[in-house]
Amino acid sequence: MATKQKIGGLGRGLGSILPDAADFEVGKPEKGDSISMVPVNKIVANPFQPRKEFDNEALEELAQSIRQQGVITPVTVRKMPDGTYQLIAGERRFRASQKAGLKELPAYIRVATDTQMMEMALVENIQRADLNAIEVAQAYRQLIEECRLTHEELSEKVGKNRSTITNYLRLLSLPEEVQQAIGSGQISMAHARVLAGLDDAERQLEILHAIIDRNLSVHQTEQMAKSAKPEPKVQVRRRGDLPETYSAAQKRLKDRLQSTVEIKRSQRGKGTLTIAFNSDSDFERIMNLLEK
(Lines give C-alpha, C1' and ligand atoms only; values in the text may rest on other atoms or scores of the structure.)
Protein backbone atom coordinates (compact mmCIF):
# COMPACT_ATOMS: atom_id res chain seq x y z
CA MET A 1 0.00 0.00 0.00
CA ALA A 2 1.04 3.54 -0.60
CA THR A 3 2.15 5.39 2.54
CA LYS A 4 1.62 9.14 2.86
CA GLN A 5 3.73 11.97 4.13
CA LYS A 6 3.30 15.74 4.12
CA ILE A 7 5.16 18.27 2.04
CA GLY A 8 4.82 22.02 2.03
CA GLY A 9 3.75 23.30 -1.38
CA LEU A 10 3.18 21.80 -4.78
CA GLY A 11 6.72 22.33 -5.98
CA ARG A 12 7.76 24.28 -9.06
CA GLY A 13 7.09 22.68 -12.46
CA LEU A 14 3.41 21.83 -12.65
CA GLY A 15 2.32 24.37 -10.07
CA SER A 16 3.94 27.26 -11.87
CA ILE A 17 2.84 26.06 -15.30
CA LEU A 18 -0.73 25.10 -14.47
CA PRO A 19 -1.99 27.12 -11.49
CA ASP A 20 -5.02 24.83 -11.11
CA ALA A 21 -2.83 21.72 -10.74
CA ALA A 22 -3.20 22.05 -6.96
CA ASP A 23 -6.86 21.10 -7.40
CA PHE A 24 -5.87 17.59 -8.46
CA GLU A 25 -5.47 16.10 -4.99
CA VAL A 26 -6.83 13.01 -3.31
CA GLY A 27 -7.11 12.11 0.33
CA LYS A 28 -8.18 14.27 3.24
CA PRO A 29 -8.43 18.00 2.67
CA GLU A 30 -5.46 19.53 4.46
CA LYS A 31 -2.95 22.30 4.08
CA GLY A 32 0.09 21.66 1.93
CA ASP A 33 0.36 18.79 -0.48
CA SER A 34 0.37 15.04 0.07
CA ILE A 35 3.10 12.63 -1.04
CA SER A 36 2.72 8.85 -1.14
CA MET A 37 5.39 6.20 -1.40
CA VAL A 38 4.18 4.20 -4.41
CA PRO A 39 5.53 0.74 -5.39
CA VAL A 40 7.66 1.10 -8.51
CA ASN A 41 6.15 -2.05 -10.01
CA LYS A 42 2.70 -0.45 -9.77
CA ILE A 43 3.68 2.58 -11.87
CA VAL A 44 2.94 2.48 -15.61
CA ALA A 45 4.24 4.78 -18.34
CA ASN A 46 2.46 7.93 -19.40
CA PRO A 47 0.65 7.32 -22.73
CA PHE A 48 0.78 11.06 -23.41
CA GLN A 49 4.55 11.35 -22.96
CA PRO A 50 5.81 13.51 -25.85
CA ARG A 51 9.45 12.56 -25.38
CA LYS A 52 10.26 9.49 -27.47
CA GLU A 53 14.02 9.18 -26.91
CA PHE A 54 15.78 8.82 -23.56
CA ASP A 55 19.57 9.08 -23.26
CA ASN A 56 20.71 5.83 -21.63
CA GLU A 57 23.96 7.34 -20.37
CA ALA A 58 22.11 10.25 -18.76
CA LEU A 59 19.61 7.82 -17.21
CA GLU A 60 22.46 5.77 -15.74
CA GLU A 61 24.00 8.93 -14.24
CA LEU A 62 20.63 9.84 -12.70
CA ALA A 63 20.24 6.27 -11.41
CA GLN A 64 23.63 6.52 -9.71
CA SER A 65 22.60 9.79 -8.08
CA ILE A 66 19.35 8.18 -6.91
CA ARG A 67 21.26 5.25 -5.40
CA GLN A 68 23.29 7.71 -3.33
CA GLN A 69 20.74 10.40 -2.48
CA GLY A 70 17.33 8.97 -3.27
CA VAL A 71 14.63 10.69 -5.32
CA ILE A 72 14.60 14.35 -4.28
CA THR A 73 11.69 15.51 -6.47
CA PRO A 74 8.59 13.27 -6.41
CA VAL A 75 7.01 12.09 -9.65
CA THR A 76 3.37 12.93 -10.37
CA VAL A 77 0.86 10.11 -10.96
CA ARG A 78 -2.84 9.39 -11.02
CA LYS A 79 -4.38 6.25 -9.56
CA MET A 80 -6.17 3.99 -12.05
CA PRO A 81 -9.20 1.76 -11.36
CA ASP A 82 -7.04 -1.37 -11.60
CA GLY A 83 -4.81 -0.19 -8.75
CA THR A 84 -1.87 0.92 -10.90
CA TYR A 85 -0.49 4.45 -10.98
CA GLN A 86 -0.18 6.17 -14.36
CA LEU A 87 2.64 8.67 -14.71
CA ILE A 88 1.72 12.27 -15.39
CA ALA A 89 5.23 13.71 -15.07
CA GLY A 90 8.67 12.45 -14.09
CA GLU A 91 9.35 9.59 -16.50
CA ARG A 92 13.14 10.09 -16.38
CA ARG A 93 13.08 9.80 -12.58
CA PHE A 94 10.84 6.72 -12.85
CA ARG A 95 13.10 5.01 -15.39
CA ALA A 96 16.24 5.89 -13.43
CA SER A 97 14.64 4.59 -10.22
CA GLN A 98 13.98 1.29 -11.96
CA LYS A 99 17.65 1.14 -12.96
CA ALA A 100 18.65 1.99 -9.38
CA GLY A 101 16.58 -0.93 -8.07
CA LEU A 102 14.19 1.15 -5.94
CA LYS A 103 11.09 -0.61 -4.65
CA GLU A 104 9.11 2.54 -3.86
CA LEU A 105 9.01 6.03 -5.31
CA PRO A 106 7.74 9.28 -3.73
CA ALA A 107 4.82 10.56 -5.78
CA TYR A 108 2.18 13.26 -5.85
CA ILE A 109 -1.13 11.50 -6.49
CA ARG A 110 -3.59 13.53 -8.52
CA VAL A 111 -7.15 13.14 -9.71
CA ALA A 112 -7.12 14.14 -13.37
CA THR A 113 -9.05 13.49 -16.55
CA ASP A 114 -7.22 12.28 -19.66
CA THR A 115 -7.25 15.82 -21.04
CA GLN A 116 -5.90 17.35 -17.82
CA MET A 117 -3.27 14.63 -17.54
CA MET A 118 -2.10 15.12 -21.10
CA GLU A 119 -2.01 18.88 -20.68
CA MET A 120 0.09 18.66 -17.52
CA ALA A 121 2.49 16.12 -19.03
CA LEU A 122 2.94 17.97 -22.32
CA VAL A 123 3.30 21.43 -20.82
CA GLU A 124 5.77 20.32 -18.16
CA ASN A 125 7.93 18.54 -20.72
CA ILE A 126 7.91 21.56 -23.03
CA GLN A 127 8.87 23.87 -20.17
CA ARG A 128 11.78 21.62 -19.20
CA ALA A 129 13.26 22.22 -22.67
CA ASP A 130 14.56 18.65 -22.97
CA LEU A 131 12.58 17.66 -26.07
CA ASN A 132 13.92 17.85 -29.60
CA ALA A 133 12.21 20.28 -31.99
CA ILE A 134 9.97 17.64 -33.59
CA GLU A 135 8.80 16.36 -30.20
CA VAL A 136 8.01 19.95 -29.17
CA ALA A 137 6.07 20.47 -32.40
CA GLN A 138 4.14 17.23 -31.84
CA ALA A 139 3.39 18.26 -28.26
CA TYR A 140 2.11 21.66 -29.44
CA ARG A 141 -0.11 20.00 -32.03
CA GLN A 142 -1.43 17.50 -29.51
CA LEU A 143 -2.26 20.28 -27.04
CA ILE A 144 -4.08 22.23 -29.75
CA GLU A 145 -6.04 19.24 -31.05
CA GLU A 146 -6.75 17.21 -27.92
CA CYS A 147 -7.10 20.03 -25.38
CA ARG A 148 -8.87 22.23 -27.96
CA LEU A 149 -6.61 25.21 -27.41
CA THR A 150 -6.32 28.15 -29.75
CA HIS A 151 -2.84 29.27 -30.76
CA GLU A 152 -3.29 32.27 -28.46
CA GLU A 153 -4.24 30.09 -25.49
CA LEU A 154 -1.30 27.77 -26.17
CA SER A 155 1.01 30.78 -26.43
CA GLU A 156 -0.05 31.96 -22.98
CA LYS A 157 0.11 28.47 -21.44
CA VAL A 158 3.66 27.63 -22.54
CA GLY A 159 5.03 31.19 -22.46
CA LYS A 160 6.03 31.29 -26.14
CA ASN A 161 5.24 33.79 -28.89
CA ARG A 162 2.62 32.71 -31.40
CA SER A 163 5.20 33.02 -34.18
CA THR A 164 7.45 30.55 -32.34
CA ILE A 165 4.59 28.05 -32.06
CA THR A 166 3.77 28.51 -35.75
CA ASN A 167 7.40 27.86 -36.72
CA TYR A 168 7.39 24.62 -34.73
CA LEU A 169 4.09 23.44 -36.22
CA ARG A 170 5.39 24.08 -39.74
CA LEU A 171 8.07 21.44 -39.11
CA LEU A 172 5.37 18.76 -39.11
CA SER A 173 4.54 19.49 -42.75
CA LEU A 174 8.12 18.66 -43.78
CA PRO A 175 8.94 15.26 -45.36
CA GLU A 176 9.51 12.43 -42.90
CA GLU A 177 13.23 12.25 -43.68
CA VAL A 178 13.65 15.93 -42.82
CA GLN A 179 11.74 15.47 -39.57
CA GLN A 180 14.00 12.55 -38.64
CA ALA A 181 17.07 14.69 -39.32
CA ILE A 182 15.70 17.41 -37.02
CA GLY A 183 14.84 14.91 -34.30
CA SER A 184 18.28 13.30 -34.40
CA GLY A 185 20.07 16.65 -34.34
CA GLN A 186 21.57 16.33 -37.82
CA ILE A 187 20.18 19.74 -38.72
CA SER A 188 19.24 22.68 -36.52
CA MET A 189 15.90 24.36 -36.03
CA ALA A 190 17.24 27.31 -38.08
CA HIS A 191 18.06 24.99 -40.99
CA ALA A 192 14.60 23.44 -40.68
CA ARG A 193 12.87 26.84 -40.89
CA VAL A 194 14.62 27.47 -44.19
CA LEU A 195 13.44 24.12 -45.56
CA ALA A 196 9.91 24.76 -44.32
CA GLY A 197 9.84 27.88 -46.49
CA LEU A 198 10.04 25.73 -49.64
CA ASP A 199 6.96 24.13 -51.19
CA ASP A 200 8.79 21.46 -53.21
CA ALA A 201 9.40 18.28 -51.17
CA GLU A 202 12.05 17.01 -53.60
CA ARG A 203 13.97 20.27 -53.31
CA GLN A 204 13.66 20.13 -49.51
CA LEU A 205 15.27 16.69 -49.51
CA GLU A 206 17.96 17.78 -51.95
CA ILE A 207 18.95 20.69 -49.71
CA LEU A 208 18.72 18.47 -46.60
CA HIS A 209 21.30 16.10 -48.07
CA ALA A 210 23.51 19.06 -48.97
CA ILE A 211 23.33 20.40 -45.40
CA ILE A 212 24.40 17.04 -43.98
CA ASP A 213 26.98 16.08 -46.62
CA ARG A 214 28.61 19.51 -46.94
CA ASN A 215 27.97 20.78 -43.41
CA LEU A 216 26.23 23.90 -44.73
CA SER A 217 25.73 26.86 -42.43
CA VAL A 218 22.27 28.41 -42.08
CA HIS A 219 23.35 31.30 -44.33
CA GLN A 220 24.59 28.89 -47.00
CA THR A 221 21.33 26.96 -46.73
CA GLU A 222 19.35 30.19 -47.20
CA GLN A 223 21.36 31.01 -50.33
CA MET A 224 20.78 27.53 -51.72
CA ALA A 225 17.05 27.76 -50.97
CA LYS A 226 16.81 31.13 -52.73
CA SER A 227 18.33 29.63 -55.83
CA ALA A 228 15.55 27.03 -55.79
CA LYS A 229 12.81 29.63 -55.98
CA PRO A 230 11.68 30.90 -59.38
CA GLU A 231 11.92 34.58 -60.14
CA PRO A 232 8.78 36.40 -58.97
CA LYS A 233 6.36 37.00 -61.80
CA VAL A 234 4.13 40.00 -62.25
CA GLN A 235 0.67 38.91 -61.21
CA VAL A 236 -1.83 39.57 -63.98
CA ARG A 237 -5.47 38.99 -63.23
CA ARG A 238 -6.75 36.42 -65.72
CA ARG A 239 -10.18 35.15 -66.37
CA GLY A 240 -9.46 31.74 -64.90
CA ASP A 241 -7.98 33.02 -61.61
CA LEU A 242 -9.57 31.94 -58.34
CA PRO A 243 -12.14 34.32 -56.90
CA GLU A 244 -11.03 36.06 -53.73
CA THR A 245 -13.32 33.94 -51.52
CA TYR A 246 -11.70 30.74 -52.86
CA SER A 247 -8.19 32.12 -52.39
CA ALA A 248 -9.04 33.08 -48.82
CA ALA A 249 -10.51 29.63 -48.16
CA GLN A 250 -7.38 27.99 -49.57
CA LYS A 251 -5.20 30.03 -47.21
CA ARG A 252 -7.40 29.23 -44.19
CA LEU A 253 -7.25 25.52 -44.93
CA LYS A 254 -3.49 25.65 -45.37
CA ASP A 255 -3.04 27.42 -42.03
CA ARG A 256 -5.42 25.08 -40.19
CA LEU A 257 -4.14 21.82 -41.65
CA GLN A 258 -0.47 22.89 -41.74
CA SER A 259 -0.22 21.29 -45.17
CA THR A 260 -0.18 22.25 -48.84
CA VAL A 261 -3.71 22.92 -50.12
CA GLU A 262 -4.68 23.65 -53.75
CA ILE A 263 -8.06 24.67 -55.10
CA LYS A 264 -8.78 24.64 -58.83
CA ARG A 265 -12.02 26.06 -60.24
CA SER A 266 -13.42 26.30 -63.74
CA GLN A 267 -15.40 29.27 -65.03
CA ARG A 268 -18.57 27.23 -64.55
CA GLY A 269 -17.86 26.75 -60.84
CA LYS A 270 -16.64 23.14 -60.97
CA GLY A 271 -13.28 22.29 -59.47
CA THR A 272 -11.06 20.21 -57.23
CA LEU A 273 -9.68 20.56 -53.71
CA THR A 274 -6.29 18.88 -53.18
CA ILE A 275 -4.66 18.40 -49.76
CA ALA A 276 -1.10 17.09 -49.66
CA PHE A 277 0.24 14.74 -46.95
CA ASN A 278 3.74 13.41 -46.31
CA SER A 279 3.11 10.10 -44.55
CA ASP A 280 0.43 7.79 -43.18
CA SER A 281 0.59 9.52 -39.80
CA ASP A 282 0.29 12.92 -41.48
CA PHE A 283 -2.77 11.65 -43.39
CA GLU A 284 -4.38 10.50 -40.13
CA ARG A 285 -3.60 13.89 -38.53
CA ILE A 286 -5.31 15.74 -41.39
CA MET A 287 -8.33 13.41 -41.32
CA ASN A 288 -8.73 13.96 -37.58
CA LEU A 289 -8.76 17.72 -38.14
CA LEU A 290 -11.28 17.48 -40.99
CA GLU A 291 -13.62 15.23 -39.02
CA LYS A 292 -13.88 17.62 -36.09
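Among contacts in the protein chain between residues at least 6 apart in sequence, what percentage join residues at least 24 apart?

## Overall fold

The figure is 67%. The model is predicted. The protein chain holds 13 helices and 8 strands. It has 292 residues, and 40% of them count as buried.

The chain exposes about 17,300 Å². Carbon and sulfur atoms supply 48% of that area.

## Helix H5

Helix H5 covers residues 133-146. At 1.5 Å a residue, its 14 residues should span 20 Å. The end C-alpha atoms are 20 Å apart, so the two values agree.

H5 is largely enclosed by the rest of the structure, because 10 of its 14 residues are buried. Among them are Ala133, Ile134, Val136, Ala137 and Ala139. Tyr140, Leu143 and Ile144 are buried too. The list also includes two glutamates, Glu135 and Glu145.

## The ends of H5

Asn132 caps the N-terminal end of H5. A side-chain oxygen of Asn132 lies 3.0 Å from the backbone nitrogen of Ile134. Ile134 is itself one of the buried residues of the helix.

After H5 comes Arg148. Its phi is positive, near 55 degrees.

## Ala196 in helix H9

Ala196 sits in helix H9, which runs over residues 189-196. Its relative accessibility is 14%, under the 20% cut-off, so Ala196 counts as buried.

Beyond its neighbours within four places in sequence, Ala196 is in contact with Arg170, Leu174 and Gln204. Pro175 lies 21 residues from Ala196 in sequence. Their C-alpha atoms are 9.6 Å apart in space.

Notes. Residues are numbered from 1 along each chain as its sequence is written. This is a predicted model: local features need pLDDT of at least 70, side-chain atom pairs count only at pLDDT 80 or more; totals for chains, interfaces and linings use all residues. Side-chain values use heavy atoms; hydrogens and water are left out. Helices (H or I, at least four residues) and strands (E, at least two) are DSSP runs, numbered from the N terminus. Buried means under 20% relative accessible area, exposed over 50%, partly exposed in between (1.4 Å probe, protein chains only). Contact means heavy atoms within 4.5 Å. The expected span of a helix is 1.5 Å times one less than its number of residues. A polar contact is a pair of N or O atoms within 3.5 Å; within protein, one must be able to donate a hydrogen and the other to accept it, and residues adjacent in sequence count only if both atoms are side-chain atoms. Accessible areas come from the Shrake-Rupley method with a 1.4 Å probe; for residues, only the protein chains shown count as cover.
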